[in-house]
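Subject: Structure for you to look at

Hello,

I am passing on the structure we spoke of, along with notes on what turned up in it. Please have it open while you read.

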Amino acid sequence: MRPPVVLVTDFGPADPWVAEVKGALHTAWSRWPGDTPLPPVVDGGHDIPRGDVRAGAWFLRRLWPSFPAGSVFLAVVDPGVGGDRLAVACRAHGRVFVGPAGGLLAWLGAAEDCAVVVLDRDLYRGRPDGGPVAATFHGRDVFAPAAAHLALGVPLDQVGSPADRGALGSEPPPAVGWSIRWIDRFGNAISDLARDSDEGRRLESGGAVRVGGALVHGPAVTYVAAPPGVPFWYWGSGGTLEIAVRDGDASRLLGLVPGLALALPDP
Amino acid sequence: MRPPVVLVTDFGPADPWVAEVKGALHTAWSRWPGDTPLPPVVDGGHDIPRGDVRAGAWFLRRLWPSFPAGSVFLAVVDPGVGGDRLAVACRAHGRVFVGPAGGLLAWLGAAEDCAVVVLDRDLYRGRPDGGPVAATFHGRDVFAPAAAHLALGVPLDQVGSPADRGALGSEPPPAVGWSIRWIDRFGNAISDLARDSDEGRRLESGGAVRVGGALVHGPAVTYVAAPPGVPFWYWGSGGTLEIAVRDGDASRLLGLVPGLALALPDP
Amino acid sequence: MRPPVVLVTDFGPADPWVAEVKGALHTAWSRWPGDTPLPPVVDGGHDIPRGDVRAGAWFLRRLWPSFPAGSVFLAVVDPGVGGDRLAVACRAHGRVFVGPAGGLLAWLGAAEDCAVVVLDRDLYRGRPDGGPVAATFHGRDVFAPAAAHLALGVPLDQVGSPADRGALGSEPPPAVGWSIRWIDRFGNAISDLARDSDEGRRLESGGAVRVGGALVHGPAVTYVAAPPGVPFWYWGSGGTLEIAVRDGDASRLLGLVPGLALALPDP
């Protein structure tokens, strides 16, 4: 079956931008000869904080393992649109990622199977209605047409010009070590401390982490295994340390926000 | 044509959780042999108040009659995830419902065609990337794989172990009799008083209902049939009594919230 | 390939209304004989300010050129639902638009290829579960069944009774001349002053526009071409004048809201 095109943007829910990107996908597909089944289009998430490429990268890293090999991620967190940052497509982890070079996609350079092209070919660029690329909307006019064709099986090196991994750009250096990366609707705080890291393995049998002035014990197995009202940590569904409180909101209770550092006990 | 998989959750719009569930569906489908067309995936709603299984049940009851027979509802309002509540799938009303036992799905037990299985089979459980079930995310690792296979026509009793209706768990008893169950974006208040109930038939020819201290007259046929500024009741599109005010917001005007009791005139 | 059905409503994200409309589409399709591939369903946008047909019309005009010919737009901003306003379908610009007559769709009357029908045929109306049309939910019971059949190729004049363009109703007269029509998530203010209008051509080589007391210079090519902190105007991706500030929020900085007039320099 056909793998999906997954959209991850900072466009928010209310504006026409997400739908225009989807229109560009369908317009590209409508010009395809024959009767190929359409790839499904999935909203990966459109509430990345605006312009926050680090949050976008976190979101993509969280998302891709749930999607099948061959999926195409169309990622647009793009404060430098129309400037001199490159537009790229990258095959990595058996999936394809399309978007602006820089912190949003630079992490893909570490994948063993990483292959990169620069989206510089006029055949795969342009407005859905045939006009030239809009300088302020590459999501619709550059990334969508490329993603549309990649999802139909057009080879990577036909959609753009092969480049080395450096074309992915570089990630801004992290401000702190392990940290909170996302607060979800339940007030759960999701960190980037992986269970299968050295520090993670050290915590495996239990221990406390310090965050925002509080000492949080764990691991618990799940929410209902913990006493109500007492914050705890657990290994979350993405394989990293998370902090929650049963039937409550850990983020409000402890003042947790993205970027807050996580301190581990001394080894 | 293939009926859809309909997602109803309390995951909200901003987090990766909804997309991970969709990824799990597509991952299951990508492993299916042959070239079956993909079932469409529909967002039923993701803004159920968090952990509110009664609101989730109301939403599902409201939604299912609009979808064709054979539709699969993947419902996740699951504060007890990872604890001892059962994970179930239920055929009822010609549709299939997948989710946690308890108040979210217990109402299905009253359907004549109700058949229940417990989702305990390893073949239909697990992370999309092949790992074990995450104790905090059964939406992705238990309910999604089951729903994916049910939507492709895998029989109910193959996806889980047949159980009696009691496995659906029980609904929390209602705090009051007839009540407001939902306030919509227009400020309309939707109650659970059905037109085809005894009390509904009694109101059919007109009468006033009392709610939150106000006496509201009706029925009106539609919004523009009522005078501006005066709240009224009418038989809503779901077959229950609703309260609105033309070109206004009845919920704000009268202080209506979910749970507020509806008092009828004496017979 | 099959063009999509695009939904544009003021239903918001939280209520069951959007999903019930989608259920009605799938229910209509489930009754179709044979094995036709399903048309994709795209969320065009559901956050049109409630009842604001002018904003809905702006959104539709912005959206349609990104979608392929043959796309079906199901548009519901319908404060007069159940009253005497007509329900219509209109072929225009090579697409099909379905919704309430009045300001939402009246602008289609100017299209050369405009053809209109009134949705008055019982065969293409009714609740998904077979009941009569609900007076308060034509989105589900009138517009969705019509859109579902039009998307499968049922001819326009079979779905409704041919009518002249007058059946589209009329647009409320604009309060001002050129104006701000939409503020997006980035705080960018999008006006309706088209680059290819007489006034637009006059501004082509540069000049200042006055809005809300501020004088804004331009055009810039894209955001990063402008100095930080200084608002500027540019030709946006929809071909009209927009106002932004690099890495900032022009709407907050200048107090811009929809409806605010745009004053051009004297010719």
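Below are the findings, chain contacts first, then salt bridges, cysteines and some local features.

Please keep in mind that this is a predicted model.

**Chain C against chain B**

The contact draws on 41 residues of chain C and 33 residues of chain B. Putting these two chains together buries about 2,800 Å², with carbon and sulfur atoms giving 59% of that area. On the chain C side, the residues that lose the most area to chain B are C:W17, C:R50 and C:T136, which together make up 22% of what that side buries.

Between chain C and chain B there are 2 salt bridges. The side chains of C:E20 and B:R62 form a salt bridge, at 2.5 Å from N to O. Helix α1 of chain C, residues 17-30, gives the most to the side of chain C that touches chain B, with 10 residues. Polar contacts across this interface come to 14 residue pairs, both residues being at pLDDT 80 or more.

**Chain B against chain A**

Here 41 residues come from chain B and 33 residues from chain A. The buried area is about 2,800 Å², and carbon and sulfur atoms give 58% of it. In chain B, the most area is lost to chain A by B:W17, B:R50 and B:T136, together 22% of what that side buries.

The count of salt bridges between chain B and chain A is 2. The side chains of B:E20 and A:R62 meet in a salt bridge, again with a distance given from N to O, 2.5 Å. Helix α1 of chain B (residues 17-30) supplies the largest share of the side that touches chain A, 10 residues. The polar contacts between chain B and chain A number 14 residue pairs, with both residues at pLDDT 80 or more.

**Salt bridges**

Over all chains the count is 39 salt bridges. Side chains of opposite charge can pair when their charged atoms come close.

In chain A, A:E171 forms a salt bridge with A:R61, and their closest N and O atoms are 3.9 Å apart. A:E171 sits in the loop between β7 (161-163) and β8 (180-183), while A:R61 belongs to helix α2 (residues 53-63), so the pair ties together parts of chain A that are 110 residues apart in sequence. A:E171 is partly exposed at 37% relative accessibility, and A:R61 is partly exposed with a relative accessible area of 44%.

In chain B, B:D43 pairs with B:K22 in a salt bridge, the closest N and O atoms being 2.9 Å apart. B:D43 is in strand β2 (residues 41-45) and B:K22 in helix α1, 21 residues apart, and the pair links distant parts of the chain. B:D43 is partly exposed at 22%, whereas B:K22 is buried at 7%.

Chain B also has a salt bridge between the side chains of B:D141 and B:R140, 2.6 Å from N to O. Both B:D141 and B:R140 are buried.

One network of salt bridges links A:E20, A:R140 and A:D141 with C:R62 and C:E242.

**Cysteines**

How many disulfides are there over all chains? The count comes to 0. In chain B, the cysteine sulfur closest to that of B:C114 is in B:C90, 3.7 Å away, which is too far for a bond. In chain C, the sulfur of C:C114 is likewise 3.7 Å from the closest cysteine sulfur, in C:C90, too far for a bond. B:C114 is buried at 12% relative accessibility, and C:C114 is buried at 11%.

**Helix α3 of chain B**

Helix α3 of chain B (residues 138-151) has a kink of about 40° at B:A144, shortly before the proline B:P145. Of the 14 residues of this helix, 14 are buried, so α3 is largely enclosed by the rest of the structure. Just after the helix, B:G153 takes a positive phi of about 100°.

**A:D113**

A:D113 lies in the loop between β5 (95-100) and β6 (115-118) of chain A. At 36% relative accessibility, A:D113 is partly exposed. Neighbours within four places in sequence aside, A:D113 is in contact with A:R91, A:A92, A:H93 and A:G94. The C-alpha atoms of A:D113 and A:H93 are 6.5 Å apart in space, though the two residues are 20 apart in sequence.

Regards

Terms used
Residues numbered from 1 in each chain as written. Chains lettered and ligands numbered in written order. Predicted model: local features only at pLDDT ≥ 70, side-chain atom pairs only at ≥ 80, totals over all residues. Heavy atoms only, no water. Disulfide = S-S within 2.5 Å. Buried < 20%, exposed > 50% of the residue type's maximum accessible area, 1.4 Å probe, protein only. Bend = angle between axes of the 7 residues up to and from the residue. Helix = DSSP H or I, 4+ residues; strand = E, 2+ residues; numbered from the N terminus. Contact = heavy atoms within 4.5 Å. Buried area = accessible area lost by both parts, 1.4 Å probe. Salt bridge = Lys/Arg side-chain N within 4 Å of Asp/Glu carboxyl O. Polar contact = N/O pair within 3.5 Å; in protein donor to acceptor, adjacent residues only side chain to side chain.
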